[in-house]
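Subject: Handover of a structure

Dear colleague,

Please find the structure below, with its sequence.

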Amino acid sequence: MEKRSIKKETLTGIIKKIAGEMRVFAPVKEEDGVFFRVLGEGVEPQINYANTKNAPKNIFFPRTEKMMKYTRTDKGMEFVENGEEAKDAVLFGARPCDARSFVLLDRLFDQEKYKDPYYVDKREKTVILTIACVHPPYSTCFCTSVGGSPTSEEGSDVMLTDVGDSYLVEFLTPKGEKLLKYFGDTQADADAEAKKKEIAEKAASEIASHVPAKEIKTFLDENFEHPFWDTIHQKCLACGTCTFLCPTCHCFDISDEVKGPDGVRIRNWDSCMFPMFTMETSGHNPRPSQKERWRQRTMHKFKYYVDMFNAISCVGCGRCVMYCPVNIDIRKIVTDISKL
Ligand code: SF4
Ligand code: SF4
């Protein structure tokens, strides 16, 4: 594995240089938060931020995506064009939990039998350059409870670790090595690697939230019907914030927008928190209240995904905890279940 050392003050210039040659998505300041956006001219990438408000999943799985255009003729339906082909890109500044979320999303969107060409095309052409969390950004972080860590390399192509006055830059995949030329020739020394090890242990020990996420599967297997499901949902507003900000939530809806003979097929994010999500054309709704919807969210993340893909579908980023307007806390739900 190639490893380089760069002076900290050179990082912004390197990212801007890459952005001059290809599309770079980076955390940028916008109003009251930091969001992943395409890095435009004159815009500063944020390096010493905590974590972004939005997860970077929209880069591979956009909130709204055109799948195809078609037109109706006398002979039937004629396809005008398919979705746009992705271009080479870099996602800079993902945190390890968000990089890891892509490995979890791959299990769904990039299976041997079922491949989502829209997701796979963008994913394959994007290099993920992650910044390790030297300190856990928030008290709500719980990555270590769900298989990750503040310095996890899963899902990253290049990993940057702040080791004092320099960054240790590790090129983890052949895709990541395509960026080698931007990072100079200074090889990382053994001292930087030793510091990284120290940092990794310290950062993991600083995670304040511990959630028994792996211990609730048996309960979920056996308790689709249980009085507990009546205790979490009452104050839920069904706003969908938790699912829209979540790096691993991936439900979508497909609709056709038609004008005259021309149509566009679009897919939009959807949310299991919305009442209409499971509404059938007959008017029957198999998940008639937030009780069934919250049970679904819990089951999907901690049981169904484990059954299907042998992985919990949560990376412990804490966004749903921080931004739920009524303070519903998935850590508490999991902890309460573990005590039943
Ligand atoms: S469920 Fe919450 S903590 Fe887990 S990945 Fe999604 S937003 Fe982050
Ligand atoms: S963010 Fe909170 S209120 Fe909104 S849907 Fe999720 S749990 Fe319900």
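Helix H3 provides four residues to the lining of the largest pocket, the largest share of that lining. Helices (H or I, at least four residues) and strands (E, at least two) are DSSP runs, numbered from the N terminus. The model is predicted: local features need pLDDT of at least 70, side-chain atom pairs count only at pLDDT 80 or more, and totals for chains, interfaces and linings use all residues. Residues are numbered from 1 along each chain as its sequence is written, chains are lettered from A and ligands numbered from 1 in the order in which they are written, and side-chain values use heavy atoms, with hydrogens and water left out.

The largest pocket has a volume of about 640 Å³. Besides H3, the elements that give two or more residues to its lining are strand S2 (23-30), strand S3 (33-38) and strand S4. In total 23 residues line the largest pocket, and Arg23, Ile59, Pro62, Glu84 and Lys122 lie nearest its centre. A pocket here is an open set of points on a 1 Å grid over the protein atoms alone, where a 1.4 Å probe fits, with protein on both sides within 12 Å along at least five of seven lines; lining residues have an atom within 4 Å of a point. Grid points are joined across faces, edges and corners, and a volume is the space filled by probe spheres set on the points.

The buried residues are Tyr118, Tyr119, Val120, Asp121, Lys122 and Arg123. Their cover (contact: heavy atoms within 4.5 Å) includes strand S4 (64-73), helix H2 (96-109) and strand S7 (126-131).

The second largest pocket has a volume of about 200 Å³. Its lining consists of Phe35, Arg37, Asn54, Ala55, Asn58, Arg63, Phe244, Leu245 and Trp269. Strand S3 and helix H7 (241-245) each give two or more residues to this lining.

Two ligands are also present. The residues around ligand 1 (a heavy atom within 4 Å) include Phe142, Arg297, Lys301, Cys314, Cys317 and Cys320. Ligand 2 is surrounded by 13 residues, of which Cys236, Cys239, Gly240, Cys242 and Cys324 are the closest.

Yours sincerely

Note on methods
Buried means under 20% relative accessible area, exposed over 50%, partly exposed in between (1.4 Å probe, protein chains only).
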